[in-house]
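Please look through the sequence and the structure shown here before reading the briefing that follows.

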Amino acid sequence: MTWDCNNSCTIESLIGHWQFNFCDDQLIFIRPVDSSQKIPIEEKHHKIWADHLHIFFESRGKILPPYQAPKIGTPFQHRVWACLSEIPAGTTYTYQNIADLLGTYPRPIGQACRVNPLPLFIPCH
């Protein structure tokens, strides 16, 4: 199986510009970028994620897009990210709380949060 991972766009938000990077049509990671690094929204999945981003900000972070496991990361990181995506908006969990849910220790939870590829949509701090 081969993936087209040279697929990205820049989406403007209330807190700056974000580069959305895809393999095929699946979002794999996002990162903040300078406004001079604009990549046009050209594909259907670019538009879908631009809509998700605008809904996210209009709802003040209460409406997240449906969770989809990124194509990157270890099975453990996927478990952590899936758990994080279930935390209701406005609720605080410590690394220890999440570790207890997953039957592990807090430090690996923090390490998985550090490499979170979708920091806006998989809340970690």
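**Briefing on the predicted model**

Three strands in the order β1-β2-β3 make up an open sheet with antiparallel pairing, where strands and helices are DSSP runs numbered from the N terminus (E, at least two residues, for strands; H or I, at least four residues, for helices) and two strands pair if DSSP finds at least two bridges between them. Because β1 and β3 stand at the edges with a single partner strand each, one side of each is left without a neighbour in the sheet. This is a predicted model, in which local features need pLDDT of at least 70 and side-chain atom pairs count only at pLDDT 80 or more, while totals for chains, interfaces and linings use all residues. Residues are numbered from 1 along each chain as its sequence is written, and side-chain values use heavy atoms, with hydrogens and water left out.

**The sheet and its hairpins**

- Neighbouring strands of the sheet are turned by 25° against each other on average, with direction ignored; axes here are lines fitted to C-alpha atoms, for helices over the stretch in contact, and angles run from 0 to 180 degrees between N-to-C directions.
- Strand β1 (residues 7-13) runs antiparallel to β2 and is joined to it by seven bridges, and the two strands form a hairpin with two residues between them.
- Within this pairing, E12 has H17 of β2 as its bridge partner, and T10 stands opposite Q19 in β2.
- Helix α1 packs on the sheet, where it touches β1, β2 and β3, and its direction makes about 25° with that of β1; contact means heavy atoms within 4.5 Å.
- Strand β3 (residues 26-33) pairs with β2 in the antiparallel sense over seven bridges, and in the hairpin of these strands, which has two residues between them, D24 takes a positive phi near 55°.

**Helix packing**

- Helix α3 (residues 95-102) and helix α4 (residues 106-114) have axes that come within 8 Å and cross at roughly 105°.
- The helices α3 and α4 are therefore roughly perpendicular to each other, in a scheme where angles under 35 degrees count as roughly parallel, over 145 as roughly antiparallel, 65 to 115 as roughly perpendicular and the rest as oblique.
- On the α3 side of this contact are Y95, Q96, I98, A99 and L102, which meet P106, I109, G110 and C113 in α4.
- The residues of the contact of α3 with α4 divide into seven nonpolar, two polar and no charged; Ala, Val, Leu, Ile, Met, Phe, Trp, Tyr, Cys and Pro count as nonpolar, Asp, Glu, Lys and Arg as charged, and the others, Gly among them, as polar.
- The axes of α2 and α4 lie 9 Å apart at an angle of about 85°, and these two helices are therefore roughly perpendicular to each other.
- In this contact F76, Q77, V80, W81 and L84 of α2 meet P108, I109, A112 and C113 of α4, and by class there are eight nonpolar, one polar and no charged residues.

- T94 lies in the loop between α2 (75-85) and α3, and at 42% relative accessibility T94 counts as partly exposed.
- From C-alpha to C-alpha, T94 and P106 are 8.3 Å apart in space, and they are 12 residues apart in sequence.

**Aromatic rings**

- A search of the whole structure finds five aromatic pairs, where rings of Phe, Tyr and Trp (its six-membered ring) pair if their centres lie within 6.5 Å, and planes under 30 degrees apart count as stacked, over 60 as edge-to-face and the rest as tilted.
- The rings of F56 and F57 have centres 5.2 Å apart and planes at 80°, so this pair is edge-to-face, and both F56 and F57 are buried.
- The rings of F56 and F121 have centres 5.6 Å apart and planes at 80°, so this pair is also edge-to-face.
- This second pair links distant parts of the chain, with F56 in helix α1 (residues 44-58) and F121 in the segment after α4, 65 residues apart; F121 is buried, as is F56.
- Ring pairs link F20, W49, F56, F57 and F121 into a cluster.

Methods: Buried < 20%, exposed > 50% of the residue type's maximum accessible area, 1.4 Å probe, protein only.
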